[in-house]
Amino acid sequence: MGNWVENEGLSIFVVLVWLGLNVFLFWWFYLAYDLPPKFFYTRVLLGRALALARAPAACLNFNCMLILLPVCRNLLSFLRGSSACCSTRVRRQLDRNLTFHKMVAWMIALHTAIHTIAHLFNVEWSVHARVEEKGTMAAVLSSLGDNPNESYLNFVRKTIPNPVGGLYVAFTYLAGLTGVIITLALILIITSSTKTIRRSYFEVFWYTHHLFVIFFIGLVIHGAGRIVRGQTAESLAEHNPDICSKNFTNWGKKGACPIPQFSGNPPMTWKWVVGPMFLYLCERLVRFWRSQQKVVITKVVIHPFKTIELQMMKKGFKMEVGQYIFVKCPAVSKLEWHPFTLTSAPEEDYFSIHVRIVGDWTEGLFNACGCDKQEFQEAWKLPKIAVDGPFGTASEDVFSYETVMLVGAGIGVTPFASVLKSVWYKYCHDATNLKLKKIYFYWLCRDTHAFEWFADLLQSLETQMQERNNAEFLSYNIYLTGWDESQATHFAVHHEEEKDVITGLKQKTLYGRPNWENEFKTIARNHPGSRIGVFLCGPEGLADTLNKQSISNSEADPRGVHFIFNKENF
């Protein structure tokens, strides 16, 4: 149970608090419009749809306040690096920023749907009340404002019957028009954010996501029309709706109740979102400033498996292991930024990324760097690159543990290239102050060519550990998950050789997938009473498996072994 709390508890606690605040706001504002006498006559026109529109509006304000904060990367990196702010648990929660961002987005979609449906009924009933025959209370209330010294309650002022009247409200009133625009913007943002679109048509996702600017502008001015109206405090003092509503035909006559006066609710959304919008504006200014700093590509290396390595230099650039940067290549696209994990170590005099060619943008970068040509590319011909970052990730905490499991799948090995390089440099100089004592490294790949660019690093680290009589420091297991019959025959023939036929390492390549339950139990047995960090950069299915194993193989006793699961998330 203790490790379940450590792996999942903080996230669940935050989610429960967030859900609780949504429920509280919904219920509080529902009652605020469903009970008070101020909105007695508004409820006569609109019924329960009034409260059902205003309650989700409050929740929308709350969630729109939150939606920008998880994507303020520089703010999160600052908080993550601040020892005064961040314990390990808080840092782990900050690492789940995009998960929280998506949850808030779906909550916004839910409340938008409720708010929109409720207002569709409100508009229909308001239009109908405006054209209703004289003599009913709805007709009397709707006619208020037609004469001097009267304030209106029904925001529909023209007597146009439905459905034309409803369309007129939707496309000529500020609230209606901005509502249509921000709803369409939200639909496009959400539908283009699915995993399929992000992976196959990233440009579509990137461009439509920037409709958030239109969304927030529309959101702020949406309530400026003040169409939700209630009785004024002065009017309530001399016109009690509970009593006066029974004699509505005599309002304003001598000895009867005075005509009620109404005013619109002032817009409130800006008060909720102005703070996050200012923070996000500062975030974008910082990104712009950093993107203008000169970046020099010092080397381009073409690796197997459609992978290129860019080695770069930038004045004042400082990094930690496992961090990532955003890269823009104006020669490919003047607007698009793409995230890449840093594969260099902090000890190196350059920083590098490995880019796998999987889409239009990466293909464009590949060609812009001259990798599609046979001849040597001159340095001055290399494209200009803009870099934003570095930003913190879960892998920064690797050196906070004595024992770690590093699991990479395919190109997901890149964060651990930085970790292993840094370990190598530390051992080359002085490793006495290194808290990390044991690394279990797992790499799962479908294709043998994918191993080639990383094998040199493992060979160097393997040699370094042996020279220092510390060969047990690094245990690595490389798994080939895909092969054909001819490859299998070749592997079998050379299996008895001293070095592996694929990687050239002494540790032989394994075929298939790890038995994770056995791996976790073995490591738990070898390190009783330890806190073991489990770090993954790979697919969601593998993340679920490792998270479950981390929980199930941790002991309830606080003094027992505990596996702490961390996943790259950017």
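So, is Cys72 buried or exposed? Cys72 counts as buried, because its relative accessibility is 1%, where buried means under 20% relative accessible area with a 1.4 Å probe and protein chains only.

Quick housekeeping: this is a predicted model, where local features need pLDDT of at least 70 and side-chain atom pairs count only at pLDDT 80 or more, while totals for chains, interfaces and linings use all residues. Residues are numbered from 1 along each chain as its sequence is written, and side-chain values use heavy atoms, with hydrogens and water left out.

Okay, cysteines. There's one disulfide in the structure, meaning a pair of cysteine sulfur atoms within 2.5 Å. Cys244 and Cys257 form it, S to S 2.0 Å. Those two sit 13 residues apart, Cys244 in helix H14 (residues 241-244) and Cys257 in the loop between H14 and strand E2 (262-264); helices (H or I, at least four residues) and strands (E, at least two) are DSSP runs, numbered from the N terminus. The S-S torsion is about -80°, so this one is left-handed. Cys244 is buried too, at 3% relative accessibility.

What about Cys72's sulfur? Its closest cysteine sulfur is in Cys282, 9.0 Å away, which is too far for a bond.

Definitions and conventions. Buried < 20%, exposed > 50% of the residue type's maximum accessible area, 1.4 Å probe, protein only.
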